[in-house]
Amino acid sequence: MSTATLRGPSPNYDYVQAEHYRITGPAVPSTAKLARDSVRAILAVTCRPRLIEPARICVSDAVAHVLPLMSGPFLVVGVSVHPSRLIISVGDACRDSRSSRRTMRREMDAEPVLRLLCRLTHAAGVTRTWHNGRIATQVWFELHNAGAAHG
């Protein structure tokens, strides 16, 4: 007979080691530049220079897609820098919703504004949530440190 010790679940070190940033600005077209420049600064400081240009292009496309659909006064850009990847979300600040609809990648590719974003990212999606007549749209995408192109 032998005894064994069970280990608890391993923590997700990729998430634990991530650095999270949040940029908020008014829901106006000039916020796209603020978002692009902020993402550039974050990636420069976190030593991800190869991801700067693909991330800036994708942020521009995400802002261009979200702005006309917004129901709130503020645009929010979330940046999560993980050891092996980068996840960015761009969306409406009014996210008090209870129901949601997700757009699949092939549906996103049909949107002219999101076509390049789909080609540059490893993963991407659009989420629309609603509650009490308010709709919030969020575009998110993921880039990997090894290279941004997905094909």
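Guide: The sulfur of Cys-58 lies 8.8 Å from the closest cysteine sulfur, that of Cys-118, which is too far for a bond. A disulfide is a pair of cysteine sulfur atoms within 2.5 Å, and a search of the whole structure finds zero of them. Cys-58 is buried, with a relative accessible area of 0%, and Cys-118 is buried too, at 5%. Buried means under 20% relative accessible area, exposed means over 50%, and partly exposed is in between, using a 1.4 Å probe and protein chains only.

This is a predicted model, in which local features need pLDDT of at least 70 and side-chain atom pairs count only at pLDDT 80 or more, while totals for chains, interfaces and linings use all residues. Residues are numbered from 1 along each chain as its sequence is written, and side-chain values use heavy atoms, with hydrogens and water left out.

Cys-58 is one of the buried residues of helix 3. Helices (H or I, at least four residues) and strands (E, at least two) are DSSP runs, numbered from the N terminus. Helix 3 has 15 residues and reaches 21 Å from its first C-alpha to its last, close to the 21 Å expected at 1.5 Å a residue; the expected span is 1.5 Å times one less than the number of residues. Of those 15 residues, 11 are buried, so helix 3 is largely enclosed by the rest of the structure. The buried residues include Ile-52, Val-59, Val-63 and Val-66, but also Arg-56, Asp-61 and His-65.

Next comes the nonpolar core, a set of buried Ala, Val, Leu, Ile, Met, Phe, Trp, Tyr and Cys residues joined through side-chain atoms within 4.5 Å. The largest one has 32 residues, and those with the most contacts inside it are Val-79, Leu-86, Ile-88 and Leu-117. Among the elements that give two or more residues to this core are helix 2 (31-45), helix 3 (52-66), strand 2 (74-81), strand 3 (85-92) and helix 5 (115-120). Helix 3 gives the most, with seven residues. In soluble globular proteins, nonpolar side chains tend to be buried together.

Contact means heavy atoms within 4.5 Å. Leaving out residues up to four places away in sequence, Val-79 touches Glu-19, His-20, Tyr-21, Ile-23, Val-39, Ile-42, Leu-86, Ile-87 and Ile-88.

As for the whole protein chain, it has five helices and six strands, and buried residues make up 42% of its 151 residues.
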